[in-house]
Amino acid sequence: MTRTQHPRPGRANLWRHHDFMKLWTAETVSELGTQVTVLALPLAAIGPLHATPFEVGSLTTAEFLPFILVGLPAGVWVDRLRRRPILIAGDLGRAAILGSVPLAWALHVLYLWQLYAAAFLAGICTVLFDVSYQAYLPSLVERDELVEGNSKLEASRAGAQLAGPALGGFLVQLLRAPVAILADALSYLWSAFWVFLIRKPEPPVEVPAGGHPPIRSDVKNGLRYVWRHPLLRPIALATGSSNFFGSMLFAIIVLFAVRALHLSAGEIGLALAVGNIGFLIGALLARRIADWVGIGRAIVGSIGLSAPAWLLLPTATRSDGFAILSVAGFVSSFGGLAIYNINQVSLRQAITPLRMQGRMNATMRFMVWGTMPVGSFTGGALASNLGLRPTLWIAAVGGLFAFLPPLFSPVRTLRRIPAREEEPPAEAAGAGPGGAEDGTLGRGQQQAEREIGPGVHQHPAERSEAG
């Protein structure tokens, strides 16, 4: 009989977990640098290179396009290789790529195509890093420490998002946008150093009898596993939908703040930093809220209640633009970015067999981040033809419906994280959540039924998931 696993009494928390603390240190500084580039990269296109709305939107498209092109194969590679070396390589690659931007600017040879190339190549490194990172955490900490680990990592990201935009705005005004990107390049070197210091051995990489199957076969296995899973699919659909409309909005939000609200780089950075206070608070409260209302309701409620905040943005004027940008960012980051992400990522990591972590995370990234380049491209194209405010209205209204897939699925009824599914045998690993090829209940669906009651796998929202 499978039971929900509860934290072991007396377990020391992760403050005393030396290897986790190294990972946490690496991520904290790296995220701080990343937040500088989030502001500095589009400002480098808007200011020195005089980019149009379509060109600014295309820059975001280039950054997230690798999640469509290499996301799924990356999951296969992560499951076949040790993950710590991939993390280090991803950090070093991003440091070199982003470091080329200030160098080119100093030599007076910086062009818009280089920003596209840097965004795209750094995006490939990010794909490899992120898929490895989410697959690495379950082998670094205990299963009942995942929510705590993700909460701490999200809290550091929240702190970075709180300080990063203000720091980025200051650096852009002081040094110009291309030079400010150097801070991000240096942060990746710092991250690689701390990941290198982690000493806990990873579990051995499993090699099936007869060798690994073709990459295409493993990619199909990952897609089948996620799509047939009654908990993962609705999470993927919700997140993918939210990311599509969110990317439409964020592709032009800096341009809107500069040209419609007439905010300076420092003011934009400060508004984003104030908004990101919600991220920090949400990261600190995510576990308590999940314990209070149940993890399913926390997932559905957080994404559903945070989306309406962006309806304020297209109403902003020059006089209230700073306040509206701050308030909308606070509400959205509190719910959608912190509480939702911490709980749905922890759920995914906890229920997926270790040998499937890479493919599961890559498939989820493909499905939920793959919508981002499409959304940013759409946002740039609409802004060029309809204008900035109408595009913001379309994005804000579209994001209101992202909560529906998990609402009409077994996710909504979960009180606690279910126990991890049994490890499927290697030869049956591609047959859906539990090796079921014929549409019958696989282990994942049987597990969900044991945890949340009979019949839930037939709930009408078997359509999709988001994460």
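A contact here means heavy atoms within 4.5 Å. Among contacts in the chain between residues at least 6 apart in sequence, 89% join residues at least 24 apart. Keep in mind that this is a predicted model, where local features need pLDDT of at least 70, side-chain atom pairs count only at pLDDT 80 or more, and totals for chains, interfaces and linings use all residues. Residues are numbered from 1 along each chain as its sequence is written, and side-chain values use heavy atoms, with hydrogens and water left out.

Of the 467 residues, 57% are buried; buried is under 20% relative accessible area, exposed is over 50%, and partly exposed is in between (1.4 Å probe, protein chains only).

Now for the rings. Phe, Tyr and Trp rings (for Trp, the six-membered one) pair if their centres lie within 6.5 Å, with planes under 30 degrees apart called stacked, over 60 edge-to-face and the rest tilted. That rule gives six aromatic pairs. F193 and W194 have ring centres 5.6 Å apart and planes at 80 degrees, so they sit edge-to-face. F244 and F245 make another edge-to-face pair, because their centres are 5.0 Å apart and their planes at 85 degrees. Ring pairs also link W190, F193 and W194 into a cluster. At 43% relative accessibility, F193 is partly exposed, and W194 is partly exposed at 22%.
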